[in-house]
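Reader: Hello! Could you walk me through this structure with a few questions and answers?

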Amino acid sequence: MNGIARFLMGDTTADRIVPPTGFTARLTTFTAAAMAFLAVFALALSLASGRLAERWSAALAQTATIRISAPSDQMAAQTAKVMAILKETPGVASAQPLTDAQQKKLLEPWFGPDLPLDALPIPRLVDVRETAQGFDAEGLRNRLAASVPGAVLDDHTRWRKPLVAAADRLRLLGLVAILLIAGATAAMITLAANAALAANGQVIRVLRLIGARDRYIARAFVRRFTLRALAGAAIGTVLGMGAVLLLPAQNEAGGFLTGLGFQGLGWAWPLLIPPLAALVSFLATQAAAFHTLRGLS
Amino acid sequence: MIEFHHVAYNYGGGELLTDISLRLAPGSFHFLTGPSGAGKTTFLKLCYGELHPTAGRVTLEDRDMRGFSRDEVAQMRRRVGVVHQDCQFLDHLPLAENVALPLTATGQPRRDDDLEALLSWVGLKPLSGHLPPSLSGGERQRAALARAVITSPDVILADEPTGNLDWEMSLRLLTLLVELNKMGKTILIATHDLNLIRSAKSQVPARVLRIRDRRLQLAGSDL
């Protein structure tokens, strides 16, 4: 920690050996700010995707639906048979046939409020809740097929898996985007540092001639670029967090797109971006400086 | 101190220096002369490790400079002050800070009184706040000398230090170098100015070396 503090405090006399160079200074600050801004959004995307995957996973896990298709005069008997089977099935916590009103509500978005449910051959749905251990879906399917041929078990797996996989993939893409942003930042700062080192060839030659060590010369450049990247990334992060704050609040109608912001402690994650940008800049500039210095006698 | 052992140097287009052996004894005063392109600057660069010989070896206190780490090269250059033909400075820093740069860059304490005395000694105190681009050739040469000696090095190498100076200023600079030699510093000056050499020989027992046909010769009696 003392080393970092000493590095940040710097040596004002030593700092002056590198002339102020407007172009590379502005380029580094702008690059760090732009990349930090993008990193905030990539982080928000990644965190939101993670939350979405967890929500979908939690919402659809440990529930199942049984759909009973039967003539209307046999529906009650078939439903009773299914309920009896479910009662004896280990791993079923509770089972409840949906009432006509509940089924009507489910269909309302597609068919409107005046659906004549009695006149249509609509299957009866049974909402099944599993215990923590879950039930043997394949065994239940076989028993239903033997006793109630019109009953079909849907344990949501075929819906849940691709949704969770898609959300996980989005989270991964967010993380890859952050890594690419870090790599692009390192590349651009390396280019800026190389330009500054080339422009200050005379300074470096003079310093070598008078007996300055490579570490001293490199530190003068590295410190300057690290502080520029830190300042730029701080600006970019604040702007990015402000932009995320202005996104619409999460609501059901908006779905995934309105859930892109940070939540709770999630707001702390973007605060890591400036120090990480400074670290990337430190490593990139140090590598560039020592590479240049090794080329000089 | 610095010794050449059968040193040769080849730039790739033929040998520039061949079979040179020399010992720069502590407190000695040497001139190095020869026609332009004879290899005087190359010889000096071999002395402070900017170049390494293609054959033979250059040693500093019996250690081959080729084996020095980069930190050891830096350490060695703190003991060897160099005044270049084209004096390079940090153009954005005032003269006083440029002269004090060897102290700043090596973490040594800088005393303003000593710095002022040094600038007075080379006649540049009134210009201490000026930036290098505003200095004349002679002022730059004297500033380079002040920078070369501020850490009190054991050896001072000067490459055509009077090349940009009029005769009066050349003598003044020579006087400074002679004074340093009397303080025990080893001096090696590369020059083709024979009048300067004659003037120095009247003040100090100097050896004159000449590079001829790629070899180093003692050339005292004909000057």
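**Cores, surface and a sheet**

Author: Gladly; please keep in mind that this is a predicted model. The largest nonpolar core has 42 residues, and those touching the most other members are Ile17(A), Leu207(A), Ile217(A), Leu90(B) and Leu101(B).

Reader: Which helix gives the most to this core?

Author: Several elements give two or more residues to this core: helix 3 (22-60), helix 7 (157-199), helix 8 (201-209), helix 9 (214-245) and helix 10 (273-294) of chain A, together with helix 4 (101-105) of chain B. With 10 residues, the one that gives the most is helix 9 of chain A.

Reader: Which residues of chain B are in contact with Leu207(A), leaving aside its neighbours within four places in sequence?

Author: With those neighbours left aside, Leu207(A) has contacts in chain A with Ile17(A), Ala212(A) and Ile217(A).

Reader: Thanks! What is the order of the elements of chain A from the N terminus on?

Author: Chain A has 10 helices and four strands. From the N terminus on, its elements run α-α-α-β-α-β-α-β-α-β-α-α-α-α.

Reader: What percentage of the residues of chain A count as buried?

Author: A residue counts as buried when its relative accessible area is under 20%. Chain A has 297 residues, and the part of them that counts as buried is 40%.

Reader: And what share of the accessible surface of chain A belongs to carbon and sulfur atoms?

Author: The accessible surface of chain A comes to about 16,200 Å². Of this surface, the share belonging to carbon and sulfur atoms is 66%.

Reader: Is Leu272(A) buried, partly exposed or exposed?

Author: Leu272(A) sits in the loop between helix 9 and helix 10 of chain A. Together with Trp269(A), Leu276(A), Leu279(A) and Leu283(A), Leu272(A) makes a nonpolar surface patch of about 500 Å². Because its relative accessibility is 42%, Leu272(A) counts as partly exposed.

Reader: How does Phe30(A) compare: is it buried or exposed?

Author: Phe30(A) has its place in helix 3 of chain A. Its C-alpha atom is separated by 9.6 Å from that of Ala231(A), 201 residues apart along the chain. The relative accessibility of Phe30(A) is 60%, so Phe30(A) counts as exposed.

Reader: Now to chain B. Which strands are the edge strands of the open sheet?

Author: Four strands of chain B form this open sheet in the order 2-1-4-5, with antiparallel pairing. An edge strand here pairs on one side only, and the edge strands are strand 2 (15-24) and strand 5 (63-64) of chain B.

Reader: How many bridges join strand 1 and strand 2 of chain B?

Author: In the hairpin of these strands, which has four residues between them, Gly12(B) takes a positive phi near 110 degrees. Tyr9(B) stands opposite Leu17(B) in strand 2 of chain B. Strand 1 and strand 2 of chain B pair in the antiparallel sense, and the number of bridges is six.

Reader: Which residue of strand 4 is the bridge partner of Glu3(B)?

Author: Strand 1 (residues 2-10) and strand 4 of chain B pair in the antiparallel sense over five bridges. One pair there has Ile2(B) opposite Leu60(B). For Glu3(B), the bridge partner in strand 4 of chain B is Thr59(B).

Reader: Which residue in the hairpin of strand 4 and strand 5 of chain B takes a positive phi near 50 degrees?

Author: Strand 4 (residues 55-60) and strand 5 of chain B pair in the antiparallel sense over two bridges. Thr59(B) stands opposite Asp64(B), and the bridge partner of Leu60(B) in strand 5 is Arg63(B). The hairpin has two residues between the strands, and the residue with the positive phi near 50 degrees is Glu61(B).

Reader: One last stop: is Ser199(B) buried or exposed?

Author: Ser199(B) lies in helix 8 (residues 194-201) of chain B. Leaving aside neighbours within four places in sequence, Ser199(B) is in contact with Trp167(B), Leu171(B) and Leu174(B). With a relative accessible area of 15%, Ser199(B) is buried.

Conventions. Residues numbered from 1 in each chain as written. Chains lettered and ligands numbered in written order. Predicted model: local features only at pLDDT ≥ 70, side-chain atom pairs only at ≥ 80, totals over all residues. Heavy atoms only, no water. Pairing = 2+ DSSP bridges. Core = buried A, V, L, I, M, F, W, Y, C linked by side-chain atoms within 4.5 Å. Buried < 20%, exposed > 50% of the residue type's maximum accessible area, 1.4 Å probe, protein only. Contact = heavy atoms within 4.5 Å. Patch = residues over 30% accessible without salt bridge, like charges linked within 9 Å, V, L, I, M, F, W, Y side chains within 5 Å. Areas by Shrake-Rupley, 256 points an atom, 1.4 Å probe, with all protein chains shown as cover. Salt bridge = Lys/Arg side-chain N within 4 Å of Asp/Glu carboxyl O.
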